[in-house]
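Please read it alongside the structure shown here.

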Amino acid sequence: MSGGMEKPDVYEEQRDIAQRIEQAFIHSYEQDVKDGIVPWVDASRIIEYMEYMAQEGLDSEELIEYLAKRSGIDLDTLKQMWAKLTDEQKEDLLNEIAHNIAFDGFTRLIKAIVDDLNRQKKYRKDRREVLKYALYYICDDDSVDYDVLEDVIVSVFWPEDKKKKDEEAYEDFIRGLELAKYLDEETVKEAITTYLVFGIVESC
């Protein structure tokens, strides 16, 4: 009888461990945003850093130390928790963290883009252009994929002369738009529909 309960108990513990690490990590990211760090830049750097360290292995010292630092969980405690997860669970956890902060950073950037398009008169014509390509994209027009839409948005906000004046801000903008690669296409289209298309249409 006790043997039959062992596996469910182990699985429940592993699930609780994964949830605790994820929630603590996400809370740390949210605190960064509250402290004024640009969310899409922070999200991009966190994900890239996790990917880089995970290349050394799911049990690499660098990755575990980073997870402990970001989550605020004591290093020895996190090591013990991490050791109880299977490789598949560790990979799923890292992917879930990446997905959640990528979605948050991406949607925050889209909202900022829409806010500029709606508030600034200089973007009045460009706003219609962005809306047109966004509609093509979400309606599965074969000629417009996400990369095309991204190019249209970038051309509006970052003409060549502006790029040269502030290359760092330009690169941060691109990093934010490219968070879409950590999301499935359906999620990206839903975000574009909700935050970009509706955001523009509601202001017209």
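Predicted model: local features only at pLDDT ≥ 70, side-chain atom pairs only at ≥ 80, totals over all residues.

Residues are numbered from 1 along each chain as its sequence is written, and side-chain values use heavy atoms, with hydrogens and water left out. The chain holds ten helices and zero strands, where helices (H or I, at least four residues) and strands (E, at least two) are DSSP runs numbered from the N terminus.

**Overall architecture**

- Read from the N terminus, the order of elements is α-α-α-α-α-α-α-α-α-α.
- Along the principal axes, the C-alpha atoms occupy a box of roughly 70 × 40 × 30 Å.
- The chain has 204 residues, of which 43% are buried; buried means under 20% relative accessible area, exposed over 50%, and partly exposed in between (1.4 Å probe, protein chains only).
- The accessible surface amounts to about 11,900 Å², and carbon and sulfur atoms account for 47% of this surface; such areas come from the Shrake-Rupley method with a 1.4 Å probe, and for residues only the protein chains shown count as cover.
- Of the contacts between residues at least 6 apart in sequence, 71% join residues at least 24 apart, a contact being heavy atoms within 4.5 Å.

**Charge and surface patches**

- Lys and Arg count as positive and Asp and Glu as negative, while His and the chain ends are not counted; the place of a charge is NZ of Lys, CZ of Arg, CG of Asp or CD of Glu.
- Patch members have over 30% relative accessible area and no salt bridge, with like charges joined within 9 Å and nonpolar side chains (Val, Leu, Ile, Met, Phe, Trp, Tyr) within 5 Å.
- Glutamate 96, in helix 5, is partly exposed because its relative accessible area is 37%.
- A positive surface patch brings together Lys121, Arg124, Lys125 and Arg128.
- Lysine 121 sits in the loop between helix 5 (87–119) and helix 6 (124–138), and its 70% relative accessibility is why it counts as exposed.

**Salt bridges**

- A salt bridge requires a side-chain nitrogen of Lys or Arg within 4 Å of a carboxyl oxygen of Asp or Glu, and by this rule there are 13 salt bridges.
- Arginine 45 and aspartate 172 form a salt bridge through their side chains at 4.0 Å, N to O. This pair connects distant parts of the chain, with arginine 45 in helix 2 (residues 39–54) and aspartate 172 in helix 9 (residues 167–177), 127 residues apart.
- Arginine 45 is partly exposed at 44% relative accessibility, whereas aspartate 172 is buried at 17%.
- Arginine 108 pairs with aspartate 104 in a salt bridge whose closest N and O atoms are 2.7 Å apart. The two residues are separated by about one helical turn because they are four residues apart in helix 5.
- Arginine 108 is partly exposed, with 35% relative accessibility, and aspartate 104 is partly exposed, with a relative accessible area of 23%.
- Arginine 119 and aspartate 116 meet in a salt bridge at 3.4 Å, N to O. Being three residues apart in helix 5, arginine 119 and aspartate 116 are separated by about one helical turn. Shared partners join Asp115, Asp116 and Arg119 into one network of salt bridges.
- Arginine 119 is exposed, at 53% relative accessible area, while aspartate 116 is partly exposed, at 22%.

**Buried positions**

- In helix 3 (residues 61–71), the buried residues are Leu63, Ile64, Tyr66, Leu67, Ala68, Arg70 and Ser71.
- Threonine 187 belongs to helix 10 (residues 185–201) and is buried because its relative accessible area is 14%.
- Apart from neighbours within four places in sequence, threonine 187 contacts His99 and Phe103.

**Backbone features**

- Glycine 72 follows helix 3 and has a positive phi, near 80 degrees.
- Aspartate 140 lies in the loop between helix 6 and helix 7 (146–157), and its phi is near 60 degrees, a positive value in a residue other than glycine.
- Most residues other than glycine have a negative phi.
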